[in-house]
Amino acid sequence: MSTLFLTDRDVSALHDWHDAIEALRAAYAVPMSPQMVPPRSMARGDGVWLRALSAVSPNGGHMGSKQIAASPRAGRASYLVSLFDLQTMALAALIDGNQITAIRTAATAALAVDALAPARPLRVAVLGAGFEARSQLQALAAARAIASVAVYSPTPASRQRYADDFTASLGIAVRAASTAPMALEGADVVICAARSRDESPVLLGEWLAPGMTVVSIGSTLPEQREVDVDVIRRAALIVADMVEEVAHDTGDLLAAARAGIDFGHKLHALSDLIGQRVPGRASADDIVLYKSVGSALQDVVTAEMLLRRARSLGLGSELPVTIAPVRK
């Protein structure tokens, strides 16, 4: 089979939240060895870095990787996802990964919230009004009924635009809150999809009410912060997509460890939650936290979903050359 190339425009045309969430649900339900999703690696230069993530899909027929080349100083990044057929070792697809990161992050968070939040229409608070914050709410709306939404962003125009757009698209009242604590009033689910310019936490544990489910996706490196140590202290359960990386590579958990907070006993893998190998929320009053750094499994499974839809719908471009496997 030839190698298919999917552009950013192809990804937009092929993307489906429900298909992404269900593909991830099926993948996370299957027991996986750590070798199937190894830790990410990062090469750093002067103001630039290249991150590489790889994984073997447990049930989709591919293995693959995502590479991210970034210059934070220049505000630029590019993303590439590759998929190899598990039977033939042939290169099945090259995909512009620009949107895949947001798609898989939001779809996996929606999967986690579906497993952790109360079984009723959800009252949602969103901290952030950018691209990631939009993807998070779109994905959650595909997984669960939503009763209400309140959004806070430090930029009034941004939060009002977010509220107006989702009021129209979801058909429910979306409220722009003037402070973060006001956005959290009465919420079941708190989505953190923003970081401050000085990396001070945007969510404080003192704002949380019993029973809240918190999603934190914005702190993935040691120098980044999104939630304070009281969020970690108050959480009865912390679910992570990559347990070791969340525990040892994120600024939020590193700060909690420095503060003497013992979180190891309550930190569990998302795969164990979805596969029902560990219990979820023990009490309706528990505060639970889903903490994400992103995973190559999510990238590969999402890319597989896009490739299946592309083959079915006849989208994408076949490359004029083939990178064929060789016998060893």
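**Figure 1. Area buried between domain 1 and domain 2 of the predicted model.** In this predicted model, domain 1 and domain 2 bury about 2300 Å² between them, with 60% of that area on carbon and sulfur atoms. The domain assignment of the protein chain gives domain 1 as 4–101 + 296–318, while domain 2 is given as 102–291. The C-alpha centres of the two domains lie 24 Å apart, and 28 residues of domain 1 are in contact with 28 residues of domain 2.

**Figure 2. Polar contacts and the side of domain 1 that touches domain 2.** Between domain 1 and domain 2, twelve residue pairs are counted in polar contact, both residues of each pair being at pLDDT 80 or more. On the side of domain 1 that touches domain 2, the elements giving two or more residues are α2 (17–28), β2 (41–44), β3 (49–56), α3 (100–116) and α11 (296–313). Helix α2 supplies the largest share of this side, with seven residues.

Figure 3. Because Arg-40 lies in the loop between α2 and β2, whereas Glu-245 lies in helix α8 (residues 243–249), their pairing ties together parts that are 205 residues apart in sequence. The closest N and O atoms of Arg-40 and Glu-245 are 3.0 Å apart. Arg-40 counts as buried at 16% relative accessibility, and Glu-245 is likewise buried, with a relative accessible area of 5%.

**Figure 4. The salt bridge of Asp-299 with Arg-104.** The side chains of Asp-299 and Arg-104 meet in a salt bridge with an N to O distance of 2.7 Å. This pair links distant parts of the chain, since Asp-299 is in helix α11 and Arg-104 in helix α3, 195 residues apart. Asp-299 is buried, its relative accessible area being 1%, and Arg-104 is also buried, with a value of 5%.

Figure 5. Arg-134 forms a salt bridge with Asp-165, and the closest N and O atoms of the two residues are 2.8 Å apart. Arg-134 lies in helix α4 and Asp-165 in helix α5 (residues 156–170), so this pair ties together parts that are 31 residues apart in sequence. Arg-134 is partly exposed, with a relative accessible area of 22%, and Asp-165 is partly exposed as well, with a relative accessible area of 34%. Gln-136 is also found in helix α4, which spans residues 131–143, but Gln-136 is buried, with a relative accessible area of 2%. Leaving aside neighbours within four places in sequence, Gln-136 is in contact with Thr-105, Ala-106, Ala-109, Ile-191, Val-215 and Ile-217.

**Figure 6. A network of salt bridges with shared partners.** Side chains of opposite charge can pair when their charged atoms come close. Here, salt bridges that share partners join four residues, Glu-22, Arg-25, Asp-114 and Arg-144, into one network.

Definitions and conventions:
Residues are numbered from 1 along each chain as its sequence is written. This is a predicted model: local features need pLDDT of at least 70, side-chain atom pairs count only at pLDDT 80 or more; totals for chains, interfaces and linings use all residues. Side-chain values use heavy atoms; hydrogens and water are left out. Domain bounds come from an automatic or database domain assignment. Contact means heavy atoms within 4.5 Å. Buried area is the accessible area (1.4 Å probe) that two parts lose on being put together, summed over both. A polar contact is a pair of N or O atoms within 3.5 Å; within protein, one must be able to donate a hydrogen and the other to accept it, and residues adjacent in sequence count only if both atoms are side-chain atoms. Helices (H or I, at least four residues) and strands (E, at least two) are DSSP runs, numbered from the N terminus. Buried means under 20% relative accessible area, exposed over 50%, partly exposed in between (1.4 Å probe, protein chains only).
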